[in-house]
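Hi,

Here is the structure I promised to send over. Please have a look at it first, and then read my notes below.

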Amino acid sequence: MFKAVFLQKNELGEFKASIEQISESQLPEAGDVLVQISHSTLNYKDGLAICNKSPVVRQWPMVAGIDGAGTVLESAHPNFKTGDEVILNGFGVGETHWGCLAEKAKLKGDWLIKRPAGLTAEQTMAIGTAGYTAMLCVLGLERHGVKPEHGEILVTGATGGVGSVAIALLSKLGYTVVATSGKPEQAEFLKNLGAAEVLDRKTLSEPGKPLQRERWAGVVDSVGSNTLANACAQTKYGGTVTACGLAQGMDLPSSVAPFILRGVTLKGIDSVMAPLAVREEAWQRLARDLDLAKLASLSRTVPLEEAIEVAAQIMAGSNTGRVIVRI
C-alpha cells in the first residue's frame with residue numbers, strides 16, 4: 001500500500017479529493033517503469049484538478065500530480081534500470097494516467113528523463129513543470145534571435161511558477177526584465193529575483209488598441225486573453241512573444257496588426273508533449289543557468305498531507321512562487 005492524492009467522481013458527478021492508501025495492484029498497466037517518488041510539486045494545473053475547477057482530469061479515478069522525481073524500483077524499459085534517478089513532467093500524467101502526488105508511480109519510460117547532474121530531486125521539483133516551461137519560453141526567445149541588448153523582456157503573471165522562474169533565468173542571462181503582477185506587496189520579492197521594474201497587471205489586463213507604443217523586445221506570457229493581446233500590441237518590430245498559459249483566459253482578443261505590420265512572432269509553448277530532445281536540453285540549461293539560491297528563495301516545501309489545502313491556496317491566488325511536495 002502507498003499514500004496518494006486520490007481524485008474521485010461518483011455516478012452523480014460528486015467530486016472528492018482525499019489522501020488515500022492505494023494498493024500497488026491498482027497502478028495502471030500502461031507503464032513500464034515503477035518509480036519510488038520522493039518529491040512532487042503543485043502547479044496551477046494540479047490546483048485545477050485537485051479543486052475540480054476545470055476538466056483537467058479525463059479519466060476517473062485519478063491520482064493527481066503532473067510532476068515527479070524519484071528512484072526507479074523496477075524497469076522493463078531499455079533506457080532505465082533499478083536505482084536510476086529520474087524526473088517526469090507532463091505527458092498527460094495526472095490527467096489521463098495516474099500521477100506523482102503519491103509514494104509510487106508506474107510510468108512509461110518514454111516519458112522520463114534522468115535527473116541532470118547538479119540538481120537534487122527537491123530542486124527539480126522546485127523547478128517543476130512551471131520552471132521547465134519557463135525555460136522553454138527562454139529557449140523560444142533565443143531561437144528567434146532575442147538578445148539582451150535588444151531591450152526589455154516582459155514577464156506576465158510574475159509571482160506564479162512560470163513567471164518567477166522566468167525572471168530568475170532571464171536576469172541571470174543578462175536580460176532586463178519587467179514583471180507584471182496583481183500583488184503589489186510582492187514587488188520586492190520580484191526585484192530580488194531579478195526584475196528591474198514591476199508593473200500593476202491592470203496596465204495590461206483591460207482591452208487595448210491593436211497597436212500600441214513599442215516597448216518589449218520579447219515577452220513570456222502565462223496569462224492569455226487581454227494581457228497577451230496587449231503584450232503583442234506593445235512588442236517591438238521583429239520581437240517575439242512566447243505564450244504558455246491562460247490564467248486570465250483562453251481567448252485572444254487581438255488583431256493581425258502586430259504580426260503583419262511589425263513582424264512580431266507569437267510562439268506557442270507546449271510543455272506537456274515536448275519531444276525528449278527538447279526536454280533534455282531544457283533541463284540541462286536549467287541546471288546550468290538557474291541561480292539555485294534564487295530557486296530556494298522562491299520555493300517552499302510541504303508534506304503530501306497538505307497538498308490538497310495548498311492546491312486550494314493556489315486557486316485562491318494566495319500563493320507565491322513554487323510549492324514542492326515532499327512525499
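Leu-7 stands opposite Ala-17, a residue of β2. Please keep in mind that this is a predicted model. The pairing around these residues joins strand β1 (residues 2-9) to strand β2 (residues 15-22) in the antiparallel sense, with eight bridges. Five residues lie between the two strands of this hairpin, and there Gly-13 takes a positive phi near 85°.

**A glycine in a loop**

Next, please turn to Gly-90, in the loop that runs between β6 (85-89) and β7 (104-107). Is Gly-90 buried or exposed? Gly-90 counts as buried because its relative accessible area is 6%, and buried means under 20%. Leaving aside residues up to four places away in sequence, Gly-90 touches Ile-66, Asp-67, Thr-129 and Val-272. For Asp-67, the separation from Gly-90 is 23 residues in sequence, while the C-alpha to C-alpha distance is 6.7 Å.

Another loop, between β13 (235-243) and α7 (257-261), holds Met-250. With a relative accessible area of 75%, Met-250 is exposed, because the cut-off for that word is over 50%.

Best wishes

Technical notes: Residues numbered from 1 in each chain as written. Predicted model: local features only at pLDDT ≥ 70, side-chain atom pairs only at ≥ 80, totals over all residues. Heavy atoms only, no water. Helix = DSSP H or I, 4+ residues; strand = E, 2+ residues; numbered from the N terminus. Buried < 20%, exposed > 50% of the residue type's maximum accessible area, 1.4 Å probe, protein only. Pairing = 2+ DSSP bridges. Contact = heavy atoms within 4.5 Å.
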